[in-house]
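This report covers a pocket, a loop residue and the aromatic pairs of one protein model. Please view the sequence and structure below before reading on.

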Amino acid sequence: MKITAIRTYEKSMALKKPYTISFHTFSSVDLVFLEIELENGLVGIGSGSPAEYVVGETTQRTAINLKTEFVENFIGRDIRHFQQIIYETSQHFPHFPGTQATVDIALHDAFCKFLGIPVVSFYGQKIKSLPTSVTIGIKNVTDTLEEAEGYYQLGFKILKVKTGMNVSEDIERVLKLNEIYKNKLSIRVDANQGYTLKDLKNFIAATEVANVELIEQPLLVGKEEILLKLETSSRQILCADESLHDAQSALKYATSEKKLFGIYNIKLMKCGGLIGALEIANIARTANIKLFWGCNDESIVSITAALHIAYACENTRFIDLDGSFDLAEDLVSGGFVLENGFMKINGQPGFGFRKIV
């Protein structure tokens with residue numbers, strides 16, 4: 001089955017409400033979409049939303065890459081060779097994981113639509129459903145509690161709280177959430193490289209009563225070895241995010257004499273798509289490291305892609321795939337089913353989403 005057409009376009013989408021992390025406030029997101037059409041009329045859709053501060057690639061750069069002759073030359077190729085095309089893309093654009101991910105997602109969607117099966121079935125589904133966390137940006141205590149109550153009323157069971165600007169306020173927010181929602185909501189924390197080792201130690205000690213599930217990327221990239229000064233039990237709840245891009249970095253931390261992280265955060269926009277994600281996941285499984293699947297602000301397209309490959313990995317323990325919830329609009333609908341905070345795959349061919357006309 002031959003590829004007959006390639007279409008690429010960009011779209012700026014407003015967020016329902018701005019949010020703040022340790023160094024920036026966001027109110028909109030730029031997305032790029034790729035459509036790969038087959039000779040039978042089936043269309044695979046991919047989407048890219050790389051974080052420039054993490055991978056050095058902008059969405060604008062992704063769009064430029066996808067309009068090159070290299071991508072146009074996919075036309076005439078057989079979709080059954082999709083994994084070879086993904087490999088060639090990674091070689092042609094080695095420093096652009098957002099570009100790789102967009103191509104990877106679109107090809108997976110087209111190929112599994114061609115087969116008539118969900119992508120997760122192609123790899124073998126290991127997990128049926130998990131609850132996703134929903135994210136609260138850096139806010140004061142009152143606003144944090146107000147947003148948490150809204151999510152609680154919607155049926156979500158897990159909050160991920162952005163921290164990293166003021167550790168004392170971070171501690172206060174987490175303790176207050178625990179006081180109000182103890183045994184009702186679980187708490188995760190994402191410091192976005194905002195802590196020193198002293199801050200991290202203080203935070204862990206002060207919030208022990210709250211049973212924080214995990215702490216993402218507490219220290220600056222490049223400072224990971226300092227984590228060896230923590231107890232092993234503390235490092236088990238630490239999650240590598242900005243420090244973990246690809247299989248090479250996954251292997252580096254997995255083979256350390258003492259593991260620095262007990263959890264790996266995999267994002268398709270960091271590792272270049274499903275194939276790159278599987279490479280990291282297999283390394284983590286061998287090293288007995290848990291998987292936590294995250295995202296940026298993204299379309300349902302790439303969120304659903306992440307969900308499919310997450311559920312194909314037996315060491316997946318956590319998901320944080322709320323990126324499409326923040327968008328005021330999207331290109332597609334469907335993809336997954338959300339019930340009381342749990343995300344389930346809808347069982348349709350490919351990734352199961354539908355383009356909104």
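## Lining of the second largest pocket

In this predicted model, helix H4 (82-92) gives six residues to the lining of the second largest pocket, the largest share. The other elements that give two or more residues to this lining are helix H1 (52-55), helix H5 (97-115), helix H11 (247-254), helix H12 (268-271) and helix H13 (274-286).

The second largest pocket holds about 470 Å³ of space. Its lining is made up of 25 residues, which divide into eleven nonpolar, ten polar and four charged. Nearest the centre of the pocket lie Ser-90, Gln-100, Asp-246, Cys-271 and Gly-272.

## Gly-41 in its loop

Gly-41 sits in the loop that runs between strand E2 (25-38) and strand E3 (43-48). Its relative accessible area is 40%, so Gly-41 is classed as partly exposed; this class lies between the buried limit of under 20% and the exposed limit of over 50%.

Thr-4 is 37 residues from Gly-41 along the chain, and the C-alpha atoms of Gly-41 and Thr-4 are separated by 8.8 Å.

## Aromatic pairs

The structure has 16 aromatic pairs. One of them joins Tyr-195 and Phe-203 in a tilted arrangement, with 5.8 Å from centre to centre and 35° between the planes. Both Tyr-195 and Phe-203 are buried.

Phe-292 and Phe-318 form an edge-to-face pair, with a centre-to-centre distance of 6.0 Å and an angle of 85° between the planes. Because Phe-292 belongs to strand E11 (residues 290-293) and Phe-318 to strand E12 (residues 316-319), this pair ties together parts that are 26 residues apart in sequence. Phe-292 has a relative accessible area of 0% and is therefore buried. Phe-318, with a relative accessible area of 11%, is buried as well; the limit for this class is under 20%.

## A cluster of rings

Ring pairs also link five named residues into a cluster: Phe-82, Phe-111, Phe-114, Phe-122 and Tyr-123.

How values were computed
Residues numbered from 1 in each chain as written. Predicted model: local features only at pLDDT ≥ 70, side-chain atom pairs only at ≥ 80, totals over all residues. Heavy atoms only, no water. 1 Å grid on protein atoms, 1.4 Å probe; cavity = no way out; pocket = protein on both sides within 12 Å on 5 of 7 lines; lining within 4 Å. Points joined across faces, edges and corners; volume = space filled by probe spheres on them. Helix = DSSP H or I, 4+ residues; strand = E, 2+ residues; numbered from the N terminus. Nonpolar A, V, L, I, M, F, W, Y, C, P; charged D, E, K, R; others polar. Buried < 20%, exposed > 50% of the residue type's maximum accessible area, 1.4 Å probe, protein only. Phe/Tyr/Trp six-rings, centres within 6.5 Å; stacked < 30°, edge-to-face > 60°.
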